[in-house]
Structure formats: structure tokens, C-alpha cells
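These are my notebook entries on a structure that I went through region by region. Each entry records what I looked up and what I found.

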Amino acid sequence: MVSIKNLHKKFGALVVLNGLDLEINQKGIIAILGPNGSGKTTLIKSLLGMVVPAKGDIEIAGEKVKDHWNYRKDIDYLPQIAHFPGNLKVNELIRMIKDLRGKDARDKELIEFFKLEPFLDKKLNNLSGGSKQKVNLVLCFMFDSPLIILDEPTSGLDPVSLLRLRDLIQQEKAKGKTILITSHIMSFVEEVADRIVFLLEGKIYFNGTVSELKTSTGQPDFEHAIANILTENNA
Amino acid sequence: MLKILKYSFFDLSRSLWSYVYFLFYLLLGIILLFLNNDLSNAVITLMNVIIILVPLIGTIFGVMYYYDSREFTELLLAQPIKRRTIFIGQYLGVAISLALSLILGLGIPFVAYGLFESAAIWNFFSLLVSGVFLTFIFTALAFNIALSHENKIKGFGLAILLWLFLAVVYDGIFLLILVYFQDYPLDKFALIASVLNPIDLSRILVLLKLDISALLGYTGAVFKLFFGTSQGVIISFGVLALWVVLPVYRIIRVSAKKDF
């Protein structure tokens with residue numbers, strides 16, 4: 001599904017990705033973890049072609065990412081910070097994205113799911129951070145693509161919405177999709193992730209299941225296992 | 001492309017500034033016609049305003065729109081759309097809506113005054129063509145500057161400096177050189193130097209159309225000789241077109257390599 005070979009990226013003098021290799025062929029939920037600045041978002045943005053890597057190859061579903069754009073029709077992406085044109089209304093934005101994708105969308109179902117009906121006629125500038133994130137989630141999930149990329153999906157959500165999001169992610173998983181997630185909430189990751197990919201200094205440091213991570217670090221719980229990696233590497 | 005263009009248009013049509021710009025030209029046209037009571041004179045006065053103002057507005061709108069729509073751009077970049085389509089669509093959205101404001105804002109009062117029965121119609125037409133070219137040129141230059149500078153203040157400052165250079169400083173340097181080297185034959189130099197700056201070139205194209213080049217003296221005669229020939233006209237419009245094509249080409253190049 002996703003194949004990344006020898007990926008390099010620098011921003012100025014700062015090396016963010018340093019020869020990263022990653023193969024994702026399984027279905028299910030893969031969590032990409034790592035300390036701040038370890039290159040998670042850069043990796044995700046490289047998959048989407050928003051960041052142009054200095055070196056290396058990325059293929060998604062057999063199609064090269066570089067200089068291509070059509071492969072993105074099979075990706076649903078949730079950006080980390082919901083940047084929206086502020087003078088648009090919520091339903092105008094949803095209609096616009098639907099029009100641009102030209103694909104069937106289940107927006108109504110998701111609007112109901114996240115209880116967004118009262119906000120549909122409000123401008124995006126006037127929404128709270130959490131409501132914006134819900135709009136973000138609707139835009140992401142409405143197209144039903146086989147690959148879903150979620151960058152910090154939990155940010156700004158209240159506990160009820162967080163539960164709903166968890167349900168939604170499990171539903172998508174049950175449909176046989178591949179879901180990439182980054183998150184800083186370890187309990188969330190531990191609960192949903194089938195596989196952990198841990199980034200450190202622009203490379204993959206660990207790639208395996210949660211229980212494998214626990215055994216390899218000799219720590220009984222997940223949060224300590226992650227903390228163990230970080231302290232051992234002075235990250 | 002058309003979809004991006006449509007949404008850029010839609011976005012701009014909600015902005016108050018598009019209407020202010022349109023109303024400004026409408027008022028300017030009406031007032032000038034009222035004061036001059038003559039189409040040809042109004043065209044001359046308008047030219048002086050347009051030559052300076054259109055580039056300024058194109059620059060400011062271009063930079064402002066680019067920075068303001070960064071969020072929209074990021075949203076679009078994750079969609080299955082070519083990068084080139086996104087940026088060229090946005091550029092055309094701004095340039096076309098500015099050009100429309102200009103054409104409609106000036107066109108309405110002039111047509112109402114009886115432009116179509118007047119001999120000044122071609123003068124007015126050449127004025128509009130220059131205005132449209134200048135809009136496309138300076139919006140493209142502004143997009144270039146904004147694309148290369150993440151910092152809004154810096155981008156804005158540079159764009160204004162570029163306008164100031166082409167609209168004012170260039171002429172100053174040009175004049176200084178003419179005065180300093182007045183003992184040498186300068187007609188070729190003057191011709192080339194004014195063809196290279198889109199603002200000067202537009203000014204001359206309109207002036208020559210107006211048949212007041214006699215006021216320009218010897219150099220004016222040389223200009224008339226050059227621009228009067230079909231070769232001269234082709235070269236001038238070629239240069240104006242190049243001023244559009246090269247910055248647009250750079251928009252495509254730079255945007256293809258940029259990280260978001």
C-alpha cells in the first residue's frame with residue numbers, strides 16, 4: 001500500500017528525515033510516534049506531496065508520489081491544525097470540497113455523528129477550536145477512501161467527541177482500510193493501534209506491535225516503554 | 001482549473017475591496033468626463049492615473065490574496081489537484097477580477113457618455129488593453145514575491161518596493177542617464193530602456209495612440225517611427241506578453257518545489 005525508500009528532507013540546516021525506510025502493506029491502524037520535531041508531520045506531508053523530499057522514493061498503491069497528484073483521490077487526510085478559509089460557512093466549505101473531489105460523500109451522516117448541525121450556517125472564523133476539529137474530521141472521513149491519514153486527530157476534542165472519534169476509527173478499520181495516525185495521547189494510541197512506528201532523528205527506531213515494544217524495552221506499560229526509548233536516546 | 005478559478009472568484013466577490021476598486025474607477029470615470037467634457041482629454045488624464053495605480057493595486061491585491069488564501073491553498077494541496085492548477089487558478093482569479101473591475105468601472109461611464117460614436121474609442125481601447133496587461137503583469141510579480149517569502153511583512157515590503165522601482169525610480173535613473181550622457185546619441189538607449197519597463201512601455205503605447213507625440217520632441221519622433229511600424233507594435237506587445245509569461249512560468253516552477 002505505502003512504500004517509502006531512503007527518504008531525506010532538510011529544512012535549512014535542520015535534518016528532519018534522514019534516510020527513512022518504511023513499508024506498510026497491512027490493513028488496520030498504524031500509529032506513527034516520536035518526540036516533537038522527529039519528522040512525523042513531515043513524513044505525512046511527504047506522503048501527500050505537500051512536502052517535496054530531497055531524496056528518496058514514495059509509492060502509494062503502486063503509484064509514485066513525486067510530480068503526481070491523482071493518487072490523492074484515494075487518500076483521506078486530516079491536517080494537524082485545522083486551517084480553513086475563515087470567511088466561508090461550514091456548509092459552503094463542505095460543498096466546495098465535495099465539488100472539488102467530484103466523489104460521493106457521506107457528509108450528512110458525519111455531520112449528524114459529530115452533532116455539527118447547529119454550526120452549519122456559521123462562519124469558520126467564529127467556530128471554537130473543537131468545533132473546527134469536528135469540521136476537519138467530517139471533511140476527512142466523508143470520502144470513504146482506502147487510505148486514511150490522521151495527524152493529531154484528538155486535538156481540541158471534548159471527551160464525548162473523543163469517544164465518537166474512537167468509534168469512527170474502529171468502524172473504518174472494520175471496513176478493511178489502512179489508517180495512519182499520529183498522536184501524543186498514549187492511552188489513545190495504545191487502545192487503537194495495531195502497529196507502532198517510532199520515529200527518532202528522522203529514521204524508524206522501532207516498528208512492531210505494542211506488546212513487542214513492551215518486551216523489547218522491558219517495561220510493563222506502554223507509556224513507560226515510550227519514555228524509556230526517549231530517555232535512552234536522550235531525545 | 002475552472003473550479004479553482006470559480007472559488008477564487010467567489011472568494012474575491014465577497015471581499016469589500018473588489019467593490020471599492022470597481023467603484024473607484026466608476027467614480028473616476030464619471031468625474032473626469034464631467035470635468036473635461038471631452039472623451040480624448042479624459043483618456044489622457046485617465047492614462048496618468050491608470051499607469052501608476054493599476055500596477056499598485058495589482059501588486060497589493062496579489063500579495064494580499066496569496067497570503068490570505070494560504071489556508072485555502074493548504075486545504076487544496078491535500079486534494080487530488082495538480083499544484084500548477086491551484087496556483088495558476090488563484091492567480092487568474094485575482095487578475096481577471098481586477099481586470100474586470102477596471103474594464104467595467106471605466107467602461108460604463110465612457111459608454112454612457114457616447115464612446116461608441118466617438119473617435120476616441122481606439123484611444124480608450126488601447127488604454128484598457130494597457131491596463132489589463134499591467135494588471136496581469138503586476139499580479140504575477142506579486143504572486144512571485146509572495147511565493148518566495150513566508151514572512152508577510154517582508155513580502156509586502158518587497159512588492160511595494162518593486163512597484164516603486166518600476167513606477168518611479170526607474171524613470172528617475174533613466175532621466176539621470178539621459179542628462180548625464182546628453183552629448184551622446186541616446187535615442188536607441190531611450191527606446192530600449194522604455195521598452196523594458198512595462199509601465200513606461202504602456203505609457204508610450206497610449207501616448208502615441210493619442211497623437212500628442214509631437215510634444216515629445218526629437219526622441220518622440222524616433223519613438224513614433226519605431227512604434228508606428230507594425231514591427232514596433234509587435235515587439236511592444238511581445239514584451240508586454242513576456243512580462244506576463246515569465247513571472248507565470250516562475251510561479252509554476254517555484255510552487256512545484258515549495259514545501260507546505
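**Entry 1. The largest pocket.** Before listing what lines a pocket, I note the term: a lining residue has an atom within 4 Å of a point of the pocket, and the pocket is an open set of grid points with protein on both sides within 12 Å along at least five of seven lines. I also note that the model is predicted. With that in hand, I looked up which elements each supply at least two residues of the lining of the largest pocket. They are β4 (55-60) of chain A, together with α5 (83-113) and α11 (230-257) of chain B. The volume of this pocket is about 580 Å³. I counted 26 lining residues, of which A:Val65, A:Lys66, A:Asp67, A:His68 and B:Ala256 are the closest to the centre.

**Entry 2. The largest cavity.** I then searched for cavities of 30 Å³ or more and found one. The largest cavity holds about 50 Å³ of space. Which residues line it? I recorded A:Pro85, A:Leu88 and A:Met96 from chain A, and B:Tyr7, B:Phe10, B:Asp11 and B:Phe72 from chain B. Helix α1 (residues 2-13) of chain B gives the largest share of this lining, with three residues.

**Entry 3. B:Asp11.** I followed up B:Asp11, one of the residues that line the largest cavity. B:Asp11 sits in helix α1 of chain B. Is B:Asp11 buried or exposed? Its relative accessibility is 18%, so B:Asp11 counts as buried, the cut-off being under 20%. Setting aside residues up to four places away in sequence, I found B:Asp11 touching A:Asn87 and B:Tyr65. I also looked up its separation from B:Phe61, 50 residues apart along the chain, and found 13 Å between the C-alpha atoms.

**Entry 4. Helix α2 of chain A.** I checked the length of α2(A) next. Its 12 residues should span 16 Å at 1.5 Å a residue, and the end C-alpha atoms are 17 Å apart, which agrees. The buried residues of α2(A) are A:Val90, A:Glu92, A:Leu93, A:Ile94, A:Met96, A:Ile97, A:Leu100 and A:Arg101. They pack against β6 (75-78), α3 and α4 of chain A, and also against α1 and α4 (70-77) of chain B. Just after α2(A), I noted a positive phi of about 60° at A:Gly102.

**Entry 5. The nonpolar cores.** I asked which residues touch the most other members of the largest nonpolar core. Of its 144 residues, these are A:Leu93 and A:Phe141. Helix α3 (residues 39-68) of chain B contributes 15 residues, the largest share of this core. Another core, of 15 residues, lies apart from it and includes A:Val189, A:Leu200, A:Val210 and A:Leu213. I then listed the contacts of A:Leu93, leaving aside neighbours within four places in sequence: A:Phe84, A:Pro85, A:Leu88, A:Leu124, A:Val135, A:Leu139 and B:Leu75.

**Entry 6. A:Arg106.** I turned to the loop between α2 (90-101) and α3 (107-113) of chain A, where A:Arg106 lies. A:Arg106 has a relative accessible area of 14% and is therefore buried. What does its side chain reach at 3.3 Å? I found the backbone oxygen of A:Phe141 at that distance. A polar contact of 3.5 Å also joins the side chains of A:Arg106 and A:Glu109. Beyond four places in sequence, A:Arg106 touches A:Phe141, A:Met142, A:Asp144, A:Glu172 and A:Lys175.

**Entry 7. Positive phi outside glycine.** I looked up two further residues of chain A. A:Ala61, in the loop between β4 and β5 (63-64), has a positive phi near 50°. Its relative accessible area is 61%, so A:Ala61 is exposed. A:Lys115, in the loop between α3 and α4 (129-141) of chain A, has a positive phi near 55°. A:Lys115 is partly exposed because its relative accessible area is 47%.

**Entry 8. Helix α6 of chain B.** Lastly, I checked α6 (residues 121-148) of chain B, which has 28 residues. From first C-alpha to last it reaches 41 Å, close to the 40 Å expected at 1.5 Å a residue. α6(B) is mostly covered, with 21 of its 28 residues buried.

Notes. Residues numbered from 1 in each chain as written. Chains lettered and ligands numbered in written order. Predicted model: local features only at pLDDT ≥ 70, side-chain atom pairs only at ≥ 80, totals over all residues. Heavy atoms only, no water. Helix = DSSP H or I, 4+ residues; strand = E, 2+ residues; numbered from the N terminus. Buried < 20%, exposed > 50% of the residue type's maximum accessible area, 1.4 Å probe, protein only. Polar contact = N/O pair within 3.5 Å; in protein donor to acceptor, adjacent residues only side chain to side chain. Contact = heavy atoms within 4.5 Å. Core = buried A, V, L, I, M, F, W, Y, C linked by side-chain atoms within 4.5 Å. Expected span 1.5 Å × (residues − 1). 1 Å grid on protein atoms, 1.4 Å probe; cavity = no way out; pocket = protein on both sides within 12 Å on 5 of 7 lines; lining within 4 Å. Points joined across faces, edges and corners; volume = space filled by probe spheres on them.
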